[in-house]
Amino acid sequence: MKKIRIDGALSRRQWMGITASGLATGMVPFAGWADSRTSSTTTTRQTSTAALAVTGISGKKVVVVGAGMAGMTVSKYLRLWGGKGLEVTLVEPDLLYTSSIMSNLVLNGSRNITGLQFSRDALTKQYGVIRKSGTVAAVNPGAKTVTLSDGSSLPYDRLVLAPGVSFDDAYGLTQQDYDTRTPHAWRGGDQTTLLRQQITAMQDRDVFVMTIPKAPYRCPPGPYERACVVADHLKTTGHSNSQVVVLDENPFVQAERHTFETAFSGLHANVIRYIPNVTGLQIDPVTRAVTYVDASGGTQIVNAKVVNPIVPHRAAGSESGGWLAQAGLANSADGRWAMVNVLSYESTASGATGIHVIGDASSCGMPKAGHVANQEAKICADAIVRLMTGQQPDPQPVANSACYSPITASSASWLTAVYQYDPADKRMKVASNGGQTVINGVAATPTEAASVSQENFKDMGTWFTTLMKDVSA
Ligand SMILES: Cc1cc2nc3c(=O)[nH]c(=O)nc-3n(C[C@H](O)[C@H](O)[C@H](O)COP(=O)(O)OP(=O)(O)OC[C@H]3O[C@@H](n4cnc5c(N)ncnc54)[C@H](O)[C@@H]3O)c2cc1C
């Protein structure tokens, strides 16, 4: 699980950057639209209580699309650092945010999905963010507006897109299959609950099959962590003869390799069967037969009781005909992600001046994780405030990330890294303690916990609470 250094050097430096420019802070009451309790496109208004910076920005509008980890953070910090003259409108269809982080612990009953739901009310009440219930259906870069699915439109001076990911119809499965019988559960919510029910109904000797798409995908350690949590749950509920078959389209474990390889070959060796380099996946949603081609070219079939296909995903809206694709913003070589200038998260697509993309939807060199989405959001908010006050974005952004990975219901590991801007590649890269991205010709790598422990598990809870407070409170 990823964690972020919430009040670390980056935040302080950003504040210092603003005050050094002659900007002061003060208590600013603000009348802004607050939350709607309906699913229709409505807005309401509240007063902010937080100390907003006094920046001299006046009459500027930022529209933020998607109130997830990235969108909530950027909205809050744009108000906090930009001040009352920077109007922020946050567009999101769902009333509550359901965290994907920690959702693997719903699968073993340690947590429940309602405990992972977060209100967005503080964004309105404390920071004066205008919230609009709705779904963006089009971006019009020329007119500087976004169109919502109800046909209404919102004007912006700058637009921040944070829509997360959407999931491909893959391996012979459809969105309806994911919702009703073969859940990917790769976004916290009803599918997580469905998968929990399916796991609970497993009997001894039943087989659980999960698939992992080719990187990049959301939360690199997440699938391996899920395999461990499910294996532990099966063992501790009297199903030690069951199997967890992990079909990985990648050649090896993509994060915390030492931790997971140790767990797969040690603690969970009797239950987990890890198979890398898998191709040709096909899943029958009715019989739950999973067909794949192994590394030696042989076709294999596994008959599963539960199938959990973590299918390939992409920036939400980048599907053929999708709103992000239509606006030309899904500009990675494979058309799946939004390429950005990582000093500001402004899109590099032509004609996209003033449009920023953050969180899992963007491609920046850092992993797709909630912890990282929160960091990207702060770098983006800082850059927008600087640009609106006649400055340039910070030329040397630094971000940090850490993972906690439950290995059993009470123990966890961790992984941490500091990322810094590499001017040569114009990407964020892992840096060592000394700040080098390459040491003796070898790229710096994240640091993994030496061992799995209960203390790490406790720290994980503290980290998650702190992160969610920074994002939404
Ligand atoms: C099982 C699992 C475990 C994980 N564990 C961790 C962890 O331990 N640590 C970690 O750091 N990360 C973890 N992650 C990853 C993390 O959840 C994501 O990286 C993070 O949520 C990405 O944030 P985001 O804001 O980009 O997207 P999201 O949080 O998904 O938010 C996107 C929002 O945009 C909204 N939206 C989409 N389209 C539109 C539209 N057209 N108009 C308006 N709104 C729209 C959606 O409704 C949603 O609210 C985990 C993920 C999973 C699946």
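Buried means under 20% relative accessible area, exposed means over 50%, and partly exposed lies in between (1.4 Å probe, protein chains only). Keep that scale at hand for this tour.

The model is predicted, so local features need pLDDT of at least 70 and side-chain atom pairs count only at pLDDT 80 or more, while totals for chains, interfaces and linings use all residues. Residues are numbered from 1 along each chain as its sequence is written, and side-chain values use heavy atoms, leaving out hydrogens and water.

Our theme is the salt bridge: a side-chain nitrogen of Lys or Arg within 4 Å of a carboxyl oxygen of Asp or Glu. The count comes to 15 salt bridges.

**Stop one: a helix.** Select Arg257 and Glu261, whose side chains form a salt bridge at 2.9 Å, N to O. Both sit in helix α8 (residues 257–265), four residues apart, about one turn of the helix. Helices here are DSSP runs (H or I, at least four residues) and strands are too (E, at least two), numbered from the N terminus. Arg257 is partly exposed at 38%, and Glu261 is partly exposed at 36%.

Now select Lys61 and Glu87, a salt bridge of 3.3 Å, N to O. Lys61 belongs to strand β6 (residues 60–65) and Glu87 to strand β7 (residues 86–92), so the pair ties together parts 26 residues apart in sequence.

**Stop three: two loops.** Next, pick Arg187 and Asp94, joined by a salt bridge at 3.5 Å, N to O. Arg187 is in the loop between α5 (175–180) and α6 (190–200), and Asp94 in the loop between β7 and β8 (97–98), 93 residues apart.

**Last stop.** Select Lys76, Lys378 and Asp470 to see a network of salt bridges.
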